[in-house]
Structure formats: structure tokens, C-alpha cells
Amino acid sequence: MKTLLNIIWFVFAGVWLWLSYMLAGLIMCILIVTIPFGVASFRIANFAVWPFGRTYVDKPTAGVGSMIGNIIWFVLAGIWIAIAHIGTAIALAVTIIGLPLAWANLKMIPLALFPLGKQIVPESAARPLMPQASTPTTSRY
């Protein structure tokens, strides 16, 4: 199912989002100071082109530098890429088949706004990091 969703995503949203992240990355790499933003943009571009089966989690080592970098990123590129995600989500939500894709697009907005201090991992690797729902246990008595 992930492969099918990724193929549909690639055709209807992935290519356009990949291009927007790559453009933002290239613009950021022009200046020496913003190269870390360009690297983050290229990393997210690979996630945006094929997102199903992967997710993002907070890096445990992220600190104040990531927070300051995220504020700068938000102003320079984050808000514009988030708007691209919203526009793509609206276009995908027009059809019933596109609703899961639109939802996936909306879930990527926090990463688009604040990418520093995050890492992209397979969903299977992220499950131990996410809080588990409590399951009822059977009593011995």
C-alpha cells in the first residue's frame, strides 16, 4: 500500500514539492552562511518526493542553534514552502482518492516550517520513539 501511495504522491504532489525544496536549497547554498539551510532543504526534498513509510522525529541533540536557525528558516523559506504544502493539499483534497495524500501533505507542514533539529527515519524505527497507547493487561486473579 505504501508503494502505491508513493507512486500516486509522486505524480500529483511529490515532483512539485521536490522542486520547491530543491529551489529553496539552491538559493540557500548561494550564500555561505545559509548552507546548513540548503542541506536541510535537500534532505527534506528527498522526504517530500517519497514520504510514505517514513516520518520525522526530533533529534535529541538539537539545541538553541536549531531553534535560532528555525526562526531564520521560517522567514526565508519555511512560510513559502508551507504555503505550497497547503495549496497542494487543497488540490489533492478535491477528490476522495486524494484525501489521504492531502492529509499527508498537511502533516509535513511542521517539518517545512521548522526543519532543523529533526531527522527523517523509517516509520518502523520511529515507533519505539513514539508513545505507545496503553493496552489492557489481563489479571491473574
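Biologist: Why does Thr 88 count as buried?

Modeller: Buried means under 20% relative accessible area, exposed over 50% and partly exposed in between, with a 1.4 Å probe and protein chains only. Thr 88 has 15% relative accessibility, so Thr 88 counts as buried. This is a predicted model, in which local features need pLDDT of at least 70, side-chain atom pairs count only at pLDDT 80 or more, and totals for chains, interfaces and linings use all residues. Residues are numbered from 1 along each chain as its sequence is written, and side-chain values use heavy atoms, with hydrogens and water left out.

Biologist: Where does Thr 88 lie, and which residues does Thr 88 touch?

Modeller: Thr 88 lies in helix α3; helices are DSSP runs (H or I, at least four residues), numbered from the N terminus. Not counting residues up to four places away in sequence, Thr 88 touches Phe 12, Ala 13, Leu 17 and Asn 105. Contact means heavy atoms within 4.5 Å.

Biologist: What makes Ile 68 partly exposed?

Modeller: Ile 68, in helix α3, has a relative accessible area of 44%, so Ile 68 is partly exposed. Its C-alpha atom is separated by 9.3 Å from that of Leu 116, 48 residues apart along the chain.

Biologist: Why is α1 called roughly antiparallel to α3?

Modeller: The axes of α1 and α3 come within 11 Å and cross at roughly 170 degrees. Axes are lines fitted to C-alpha atoms, for helices over the stretch in contact, and angles run from 0 to 180 degrees between N-to-C directions. Angles under 35 degrees count as roughly parallel, over 145 as roughly antiparallel, 65 to 115 as roughly perpendicular and the rest as oblique. The crossing angle therefore makes α1 roughly antiparallel to α3. Among the residues making the contact are Trp 9 and Phe 12 of α1 and Trp 73 and Thr 88 of α3.

Biologist: What makes α3 roughly antiparallel to α4?

Modeller: The axes of α3 and α4 come within 8 Å and cross at roughly 165 degrees. That angle makes α3 roughly antiparallel to α4. The contact includes His 85 and Thr 88 of α3, and Leu 101 and Asn 105 of α4.

Biologist: How do you know that the buried residues of α4 line one face of the helix?

Modeller: The buried residues of α4 (residues 99-107) are Leu 101, Ala 102, Ala 104 and Asn 105. Seen down the axis of α4, they fall within an arc of 160 degrees, so they line one face of the helix. The arc is that of the directions from the helix axis to the C-beta atoms. These buried residues pack against α1 (2-30), α3 (64-93) and α5 (109-113).

Terms used: Helix = DSSP H or I, 4+ residues; strand = E, 2+ residues; numbered from the N terminus.
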